[in-house]
Amino acid sequence: MTPAGFDVGHGAILGAREAQEDEFRVSELTSDGAVSPIAGDGPFTRVLVALADGMGGHAAGEVAAEITSRVFTEVAGDKLCDAPAGSDDAETWQASSSDALAAANRDVADYVKAHPNCDGMGATLIGALFSPSGLSWISIGDSPMFLIRNREIARVNADHSLAPVLDDMARAGELTREAARRDPRRHMLRAAITGETLDLVDQSARPLELAPDDIVICASDGIETLADDEIMRVAVGYRADGAKAVAEALLRSVENANVERQDNASVVVVIPWFRRDA
Amino acid sequence: MAGITAKQNGGRGGSLLGSLRDALAAASGEESRRLKTDAPAQLTREPNAAIDEAHVAAMKDVTDALPQAVPPTIPASAAAGSSVKTAQPATAAVAAARGDQTAVADLTLEAGETRKLKSSAVRKTRTEPVAAAIADTDTAPRTQIVRGKPKLQRGDFEQDPVVGWLVIIGGPGLGSYRPIFEGNNAVGRSESNRIAIDFGDESVSQTEQAFIRYDSADRSFLFVPNLAKTNVVAVNESRPAQPQKLKAMDLITMGRTQLVFVPFCGADFDWGDLGEIKS
């Protein structure tokens, strides 16, 4: 089944941090080949999301996240729009998203070269294209993207933090589950856009087909204050009110959890629309 | 399966951008692909002399060791069949998009075997560099890769947690009750409504006669009439034309059915409290 369009909602909270180091861009790819920030209520036929969670002291994290989301959007958006008419978004995505990621990484590298005190800055990235063929993505870092379907929640992209490694150690009996869960290393990143070699990149092999009642959530890891089940519960509860309501409810739940040192949290919620007669 | 092979080699089976993927991907949400460090030349830059060499080396070791350590996490439940109810549950759909493999159950098995075979061999190579990397991040200037924060663990709900009830005290269905859940609850006669008043009162709208919302942020219940419907709705004696707060034992009349509102969550309790108690 082909989605007729996408309902999009988004938002961000500062948490207990002093600066917002998350940055995201949600753009509409229009039929006349323009890439423009989404405006109005939609639905939108093709949506490009670039969500980055920056890191690095002082303003560096903000800069890295800004460069990453901006450059990725510009390069991927242009390439997707420039593709010959009738070409499949899914095929264009493989090359355009890789190129856009490389471009963002290069720009971060250039910035660090010009500002040596920013060395070590970086950002995660979720790049996602919502089109009639479904959801295509590219991702690096630990920012999660979830698919909620039939009361089941699944993480779509890879987690490049140490958490999966620790969980595996627990499974192999090298750690207790509790120790693995509490380990501060869980949030260490194995990969990010830092201007250096990209060691790990996760990219969809083919678009994920979307179905009626699906909810897709792209977020920074600040959302993980909420357990997966809770994310699902809130998202399903507010689904009927639209993507905007889901985004707001998720952020409110994070704030409500009142976690000390709550990280920045950003969410982009996308709900596919289908024609009734489809 | 090429992907499996890559994984047995510790993910170092040579993956080029856009071609090969790690089989592990099949639903685990783990790295599907590891770029060879020399693959995209344009991504590399000269290492900055200021970077702590040892730190970089340690992190490299960590990332090298990691792909071996990556387990399938989600498919266990998916393969067990308990959560696979339809042709394309979320995990299966994700798995399909992640790799070229088709049989999720097969993959799970194979991944499981792989893990068993390897767990002893992996043990030696992994712990050391991880520990080294940690120790390093304590002192290294690039502390940004440690992103510690507490994570709340909540119990798993068997179903949507109930936040209150509507008890039918008049009309068809007398004596029955319907649970109210967090968020928005449509009230109507058809079963598609979250709160289905399906006891045969034809004067209740088929769909969305009204909405009852519970907002866990301010722990309040709101009754929202659907003004597009002409059927009679009243809260206590009034006919609300706009959202209004519900309080315990409010009487809601829809058609020929009378319901009493009984809150469970509110000032004294919210499901969110449990998480705080546990952690």
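This is a predicted model: local features need pLDDT of at least 70, side-chain atom pairs count only at pLDDT 80 or more; totals for chains, interfaces and linings use all residues.
Select the loop between β10 (202–203) and β11 of chain A, where Asp213(A) is found. Asp213(A) has a phi near 80°, a positive value in a residue other than glycine. Most residues other than glycine have a negative phi.

Among the elements of chain A, β11(A) has the highest mean pLDDT, 97. The strand is mostly covered, with 5 of its 5 residues buried. Colour its two faces separately. In a regular strand the side chains alternate between the two faces of the sheet. On one side are Ile215(A), Ile217(A) and Ala219(A), and on the other are Val216(A) and Cys218(A); both faces are covered.

Next, display the strands paired with β11(A). Strand β8 (residues 145–149) of chain A runs antiparallel to β11(A) and is joined to it by 4 bridges. To locate this pairing, select Phe146(A), whose bridge partner in β11(A) is Ile217(A). Strand β12 (residues 265–273) of chain A is also antiparallel to β11(A), again with 4 bridges. Here, select Val216(A) together with Val270(A), its bridge partner in β12(A).

In soluble globular proteins, nonpolar side chains tend to be buried together.

Now centre the view on Leu250(A). Which residues does Leu250(A) contact, leaving aside its neighbours within four places in sequence? They are Ile223(A), Ile231(A), Val234(A), Ala235(A) and Val267(A).

Return to chain A and select helix α3 (residues 163–171), which is mostly covered, 7 of its 9 residues being buried. The buried residues of α3(A) are Ala163(A), Pro164(A), Val165(A), Leu166(A), Asp167(A), Asp168(A) and Met169(A). Just after α3(A), Gly173(A) adopts a positive phi of about 85°.

Chain A contains 6 helices and 12 strands. Of its 278 residues, 63% count as buried. Among the contacts in chain A with a separation of 6 or more, 71% are between residues 24 or more positions apart. The pLDDT of chain A averages 90, and 98% of the residues score at least 70.

The last stop is in chain B. Select Met249(B), in the loop between β8 (244–245) and β9 (251–254) of that chain. Met249(B) has a phi near 70°, a positive value in a residue other than glycine. Why is Met249(B) classed as exposed? It is so classed because 11 other C-beta atoms lie within 10 Å of Met249(B), and a count of 12 or fewer defines an exposed residue.

Terms used: Residues are numbered from 1 along each chain as its sequence is written. Chains are lettered from A and ligands numbered from 1 in the order in which they are written. Two residues are in contact if their C-beta atoms, placed from the backbone, lie within 7 Å. A residue is buried if 20 or more other C-beta atoms lie within 10 Å of its own, exposed if 12 or fewer, and partly exposed in between; C-beta atoms are placed from the backbone. Helices (H or I, at least four residues) and strands (E, at least two) are DSSP runs, numbered from the N terminus. pLDDT is the predictor's confidence in each residue, from 0 to 100. Two strands pair if DSSP finds at least two bridges between them.
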